[in-house]
Amino acid sequence: MAENQSGCLTEQQIKAANIVYTSLSFVSFLFGLVSILLNRFCYYRYKDRFQVDTTEGIFYLSLVTFTTTELIDCFQWVLLLTNTVACTVLGTVREYFMISILVIHICLGIHLFILMTHPKCLRVIKEVKLKKYKLLQRV
């Protein structure tokens, strides 16, 4: 009884947790992929009838980002292999993508903040406002 008091997981428990994590990531990836496909289907089918809202585009970009993250997490089963090169590659790709997500979501957060607060620089004549808003969207 005193042998296993350290609280560490056994190798079987680590493998089971890794399999569960990989499975949940794959299911989440499938749901995200279906959502993306449905969104694109509705967009192309009804694009002439409805105007796309900017916030909808932001949430679509977030959906694509998180679906890609789940795709990367689907490869966690590589950790079960004893090949250190595969683990290093997976870790590098995952860390690079997480840093990219931070940058993307900071930009999206700033964009949503600008849309919600309507800063003074956008409170001008409609034509000038549209011109400034288009410039802001490109940035």
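## Contacts along the chain

In this predicted model, residues 24 or more positions apart account for 68% of the contacts with a separation of 6 or more. Contact here means heavy atoms within 4.5 Å.

## Ground rules

Residues are numbered from 1 along each chain as its sequence is written, and side-chain values use heavy atoms, with hydrogens and water left out. Because the model is predicted, local features need pLDDT of at least 70 and side-chain atom pairs count only at pLDDT 80 or more, while totals for chains, interfaces and linings use all residues.

## Overall build

The protein has four helices and zero strands. Its pattern along the sequence is α-α-α-α. Helices (H or I, at least four residues) and strands (E, at least two) are DSSP runs, numbered from the N terminus.

Of the 139 residues, 19% count as buried. Buried means under 20% relative accessible area, exposed means over 50%, and partly exposed lies in between (1.4 Å probe, protein chains only). The protein exposes about 11,000 Å². Carbon and sulfur atoms supply 69% of that area. Accessible areas come from the Shrake-Rupley method with a 1.4 Å probe; for residues, only the protein chains shown count as cover.

## Confidence

The average for the protein is 78, and 84% of the residues score at least 70. Among the elements, helix α1 has the highest mean pLDDT (86). Helix α4 (residues 126–138) has the lowest (70). Where pLDDT is low, the predicted coordinates should not be read in detail.

## The salt bridge

How many salt bridges does a search of the whole structure find? The count is one. A salt bridge is a side-chain nitrogen of Lys or Arg within 4 Å of a carboxyl oxygen of Asp or Glu. The partners are R94 and D73, and their closest N and O atoms are 2.6 Å apart. This pair links distant parts of the chain: R94 is in helix α3, D73 is in helix α2 (residues 54–73), and they are 21 residues apart. Side chains of opposite charge can pair when their charged atoms come close.

Is D73 buried or exposed? D73 counts as buried because its relative accessibility is 4%. R94 has 25%, so R94 counts as partly exposed. M98 also lies in helix α3 (residues 84–117). With a relative accessible area of 28%, M98 is partly exposed.

## Around T22

T22 lies in helix α1 (residues 11–46). Its relative accessibility is 12%, so T22 counts as buried. Leaving aside neighbours within four places in sequence, T22 is in contact with D73, C74, Q76 and W77.

## A nonpolar patch

I19, L71, F75, W77, L80 and L81 form a nonpolar patch on the surface. Together they have about 540 Å² of accessible area. Patches are made of residues with over 30% relative accessible area and no salt bridge: like charges are joined within 9 Å, nonpolar side chains (Val, Leu, Ile, Met, Phe, Trp, Tyr) within 5 Å. I19 lies in helix α1. At 48% relative accessibility, I19 is partly exposed.

## Cysteines

A disulfide is a covalent bond between the sulfur atoms of two cysteines. The cut-off used here is a pair of cysteine sulfur atoms within 2.5 Å. The whole structure has zero disulfides. C42 counts as partly exposed, at 40% relative accessibility. C107 is partly exposed too, with 48%.

Conventions:
pLDDT = per-residue confidence, 0-100.
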